[in-house]
Amino acid sequence: MKLLGAAALVLTLLAASVAASGPASATATTLATPTEAAPAVSFGSVVPAPVSAVPAKGVEYHITPATTVHSDVRAVGDLLAQQLRRSTGYRIPLVSRPRPHGITLRLGHVPGGEEAYRLDVAASGVRISANGPAGLFYGVQTLRQLLPYAAESPTVRSGPWPVPGGRIVDRPRYGYRGAMLDVARHFFPVPAVKRYIDQIALYKINHLHLHLTDDQGWRIAIDSWPRLATFGGGTAVGGDPGGYYTKAEYREIIAYAAARHITVVPEIDMPGHTNAALASYAELNCDGVAPPPYTGTRVGFSSLCVSKEITYAFIDQVLGELAALTPGPYLHIGGDEAASTQPADYRMFMERAQAVVARHGKTVVGWHDIVKAATLPDTVAQYWGTTRTADQVAAAGRKVIMSPASRAYLDMKYNPDTPLGLTWAGLIEVQDAYGWDPGSFLTGLPADRVLGVEAPLWSETIRTSADIEFMAFPRLPALAELGWSPQSTHDWTSFGERLGAQGPRWRVMGVNYYRSTQVAWPPGS
């Protein structure tokens, strides 16, 4: 994904190889030292921007050795208490009822749905109110950004631990706020995926789209077709090591994400981007001959044999096993760049594939190419084009996830000198990633058909967690704000200041972020 000239990618990969394991070797962050004084946090430093934030001048709450946490949803309270214990060294017990001068997370009526919350900070305590567990969790993410940067430390740091006083009332603009990680071009083990989950959760991302299969590798164990993982999972771009997730490991990722109110959306790309499957099983090929494993970067050359009934048995069994493993509502079936599948065959195949997903009780998501076929009423199209005109998508009458490649693709270079990434969709600096409105981007698409926003990160040149972070930050928070915050808050000057305030926090967290010259990074960044 997507549309990359082979020669251009060879040059990019050579540049990345020169940079060793990516920018981590040249620009890796280190923890801020006590001599690098970071500015104090404030209500004006939160990303995504809240609906309403009213500071209380001169009021502060202080976390002390006596601080307790009470939560109506124990799992949310546990995550907060664990982080505070790590950084403060205080006991921070989780208590069965609210205590004076403590932090209280309560379920109760808050306007705005299950993800809405209200955060009140007074000298006498902190209270987060929400309609459901997700709202409490998002309130905690905002509270984290109001704490001193050192509160994100994995080890004990010295205080004090003030929280500025006031009230925040907040709710999301869109119900779908996603990040996609391509684990097929390069494989990322479970700890790397968990690390990314923790990073995106801070910015209220609630869907993780895992691109599990492609020409270069198959990354999920399927009992009925075991060679998909054991053979098809053995390759990666450039001949790098492969790998795959066992079912137990996939469930582990699902559970870790769910604890952070993130729904996993698995993708099995079809009918193209399937060389790993075709190499694993000769019978999936029209000529009955398995091609060799592929470690290059061309697209559009592979296709399942849509005229064979075994192909439909294959997708039924694969999608059935994946649906049984996946508690979320969506199965993504790709459908893009199927240049080796004739148009009539493509339409027939995608219609049958959608029916398979529906039989297994899931909702279809596909790249926007899927609208070339007849779609089910609840099929979701994911727009990945580079222009603001997509008449067929606008006319299809389906919900759309907005991922325009020229704005939202995190694997595009920031500038011509970026050591990682691609350029086919253009250069994307952080202001480019922020400077569009998902609700009005596509001409002719009604705003109420936009389901949300997703930031894909394709991994042709991405090999390590440091690489992921360098390409995702600071652009992912920009896209997260487009998904969460009301359009009325959309302002580059304000966002640039709030984004800069994340720099010291990322440094404490060890995030290998790109220091865009478009952002005024404060001391300690």
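Entry one, a single residue. I looked up Glu249 and found a relative accessibility of 29%, so Glu249 counts as partly exposed (between 20%, under which a residue is buried, and 50%, over which it is exposed; 1.4 Å probe, protein chains only). Glu249 belongs to helix H7, residues 247-259. Beyond its neighbours within four places in sequence, I found Glu249 in contact with Val190 and Tyr244, where contact means heavy atoms within 4.5 Å. Val190 is 59 residues from Glu249 along the chain, yet their C-alpha atoms are separated by 6.9 Å.

Entry two, the basis. The model is predicted, with pLDDT of at least 70 needed for local features and 80 or more for side-chain atom pairs, while totals for chains, interfaces and linings use all residues. Residues are numbered from 1 along each chain as its sequence is written, and side-chain values use heavy atoms, without hydrogens and water.

I noted a mean pLDDT of 94 for the protein chain, with 93% of its residues at 70 or more; pLDDT is the predictor's confidence in each residue, from 0 to 100. Over residues 3-35 pLDDT stays under 50, and the model has 59 contacts beyond four places in sequence for them.

I recorded 17 helices and 16 strands (DSSP runs numbered from the N terminus: H or I of at least four residues, E of at least two). Of the 525 residues, 61% count as buried. The C-alpha atoms fill a box of roughly 75 × 50 × 45 Å along the principal axes.
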